[in-house]
Amino acid sequence: MKSNPRVTVAIRTAMVLGLLALAARPTSASQGEPLPPLQDLLKVIREHVADPVPSEQAAAAALLQGVHGTILAAGDPGETPGDAPAIQRKERLDAGPLYVQVGQVSLGLAPQLAAILGDTNLLAKANGVVLDLRFASGTEYPAAASAADLFAEPGVPLLDWGHGPTLATPKPRPWDLPVAVLVNRETRGAAEALAAAIRSANAGLVIGSATAGKAAIFREVPLRDGLRLRLATATIKAGDGKALGPEGLQPDIAVRTVAANERAYLADPYAVIGPATGPDAGRVTNTISIKRRVTEAELVRQRRGDSNPPSATPASPAPVAKVIRDPALARAVDLLKGLSLMKRGPGEPRLP
């Protein structure tokens with residue numbers, strides 16, 4: 001068969017790109033059967049591929065995936081640090097744990113978090129800490145290591161972003177409360193690394209869904225027509241040596257949620273979210289109500305048929321326990337409560 005010069009050039013280009021893609025992607029025995037010989041592949045391509053463009057596109061796509069590559073158009077800022085504060089919210093939940101919502105893993109996160117963890121009023125009788133990294137981002141990987149250091153035992157490897165593993169520092173008092181880390185598909189960059197570092201240091205469990213898979217050191221290279229290539233020049237590794245790949249960090253406890261509802265839960269974890277469709281779509285309500293407690297004397301009067309009870313000051317309403325509707329947060333609260341009960345020694349009082 002007479003070869004087409006245009007097809008031959010395209011095939012050679014695809015070969016080079018494909019080989020680069022294979023070199024960029026990690027290999028393991030679990031990835032499937034070995035590929036057939038290259039000559040057999042080329043023979044089939046020559047016989048059946050009339051237009052070489054799909055082969056070029058497929059090879060280029062495989063190459064970009066292998067190096068976390070992204071093509072940016074002119075004017076596209078790409079991955080830039082956000083303007084969210086390091087700490088969005090902190091509070092002591094009625095259910096027991098201290099809750100801290102992180103907006104961005106920046107250089108100010110570790111000192112602010114250290115101040116919160118040192119607040120005896122917030123930590124009084126707390127049964128653990130919930131670190132909420134849902135929708136959190138960041139590009140400061142040293143800041144992620146510093147934040148994880150607050151929970152880790154001295155000398156434990158935390159993160160490696162291309163300069164060797166960072167180790168946890170000595171502490172006058174080791175951290176001894178359990179930690180639950182919440183993540184979702186919008187947990188990106190340094191926030192993914194923070195969750196991975198806490199888990200690899202055996203300082204906490206990760207709850208939620210797989211993260212964005214954007215944890216890497218990136219560099220932008222100009223292309224023609226104003227395009228730019230944004231590619232990962234260094235991978236991020238947790239303390240256990242595992243690289244954070246494009247598939248994202250997988251949670252220890254998976255929680256399926258509706259993405260559209262998660263932001264509403266962040267604003268009010270006790271809210272009841274309306275259905276996804278229909279007239280009440282997305283409506284947020286709060287079902288917490290205060291009911292007056294019926295006293296024992298009133299029950300006796302009702303049985304006797306006494307319609308004119310003696311005048312007395314009505315009993316004050318009994319407090320109603322709040323119910324956490326946020327699925328991921330509810331799982332974290334249950335986990336910390338269970339761990340606190342297991343840790344409690346004989347004769348010690350139950351935590352709230």
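At a relative accessibility of 21%, tryptophan 175 is classed as partly exposed, because the limit for a buried residue is set at under 20%. The model examined here is a predicted one. Phenylalanine 151, by contrast, is buried, with a relative accessible area of 4%. A single aromatic pair is counted in the model, and it is formed by phenylalanine 151 and tryptophan 175 in an edge-to-face arrangement, with 5.5 Å from centre to centre and 90° between the planes. Since phenylalanine 151 belongs to the loop between α6 and β5, and tryptophan 175 to the loop between β6 (166-167) and β7, the pair ties together parts that are 24 residues apart in sequence.

The largest nonpolar core comprises 50 residues, of which Val105, Leu131, Leu133 and Leu194 touch the most other members. Two or more residues are given to this core by each of β3 (98-102), α4 (109-117), α5 (120-123), β4 (129-132), α6 (141-149), β5 (157-160), β7 (179-183) and α7, and the greatest contribution, eight residues, is that of α7. Another core, lying apart from this one, consists of 18 residues, including Leu93, Val130, Phe135 and Ile207. In soluble globular proteins, nonpolar side chains tend to be buried together.

When residues up to four places away in sequence are not counted, valine 105 touches Ser137, Gly138, Thr139, Glu140, Ala143, Ala144, Ala190, Ala191 and Leu194. One of these residues, alanine 190, is placed in helix α7 (residues 190-200) and is buried, with a relative accessible area of 0%. Neighbours within four places in sequence being left aside, the contacts of alanine 190 are with Val105, Gly138, Thr139, Glu140, Tyr141 and Ala144. A separation of 8.6 Å is found between the C-alpha atoms of alanine 190 and alanine 136, which are 54 residues apart along the chain.

In helix α8 (residues 259-267), the residues Asn261, Glu262, Tyr265 and Leu266 are buried. Viewed down the axis of α8, these buried residues fall within an arc of 145° and therefore line one face of the helix, whereas Ala260, Arg263 and Ala267, on the other side of α8, are exposed. Arginine 263 lies over the face of phenylalanine 135, at 3.9 Å from the ring centre, and phenylalanine 135 is itself among the members of the 18-residue core. A further placement of a charged residue over a ring involves lysine 322, which lies over the face of tyrosine 270 at 5.0 Å from the ring centre.

Conventions
Residues are numbered from 1 along each chain as its sequence is written. This is a predicted model: local features need pLDDT of at least 70, side-chain atom pairs count only at pLDDT 80 or more; totals for chains, interfaces and linings use all residues. Side-chain values use heavy atoms; hydrogens and water are left out. Buried means under 20% relative accessible area, exposed over 50%, partly exposed in between (1.4 Å probe, protein chains only). Helices (H or I, at least four residues) and strands (E, at least two) are DSSP runs, numbered from the N terminus. The arc is that of the directions from the helix axis to the C-beta atoms. Contact means heavy atoms within 4.5 Å. A nonpolar core is a set of buried Ala, Val, Leu, Ile, Met, Phe, Trp, Tyr and Cys residues joined through side-chain atoms within 4.5 Å. Rings of Phe, Tyr and Trp (its six-membered ring) pair if their centres lie within 6.5 Å; planes under 30 degrees apart count as stacked, over 60 as edge-to-face and the rest as tilted. A charge sits over a ring if NZ of Lys or CZ of Arg is within 6 Å of the ring centre and within 35 degrees of the ring normal.
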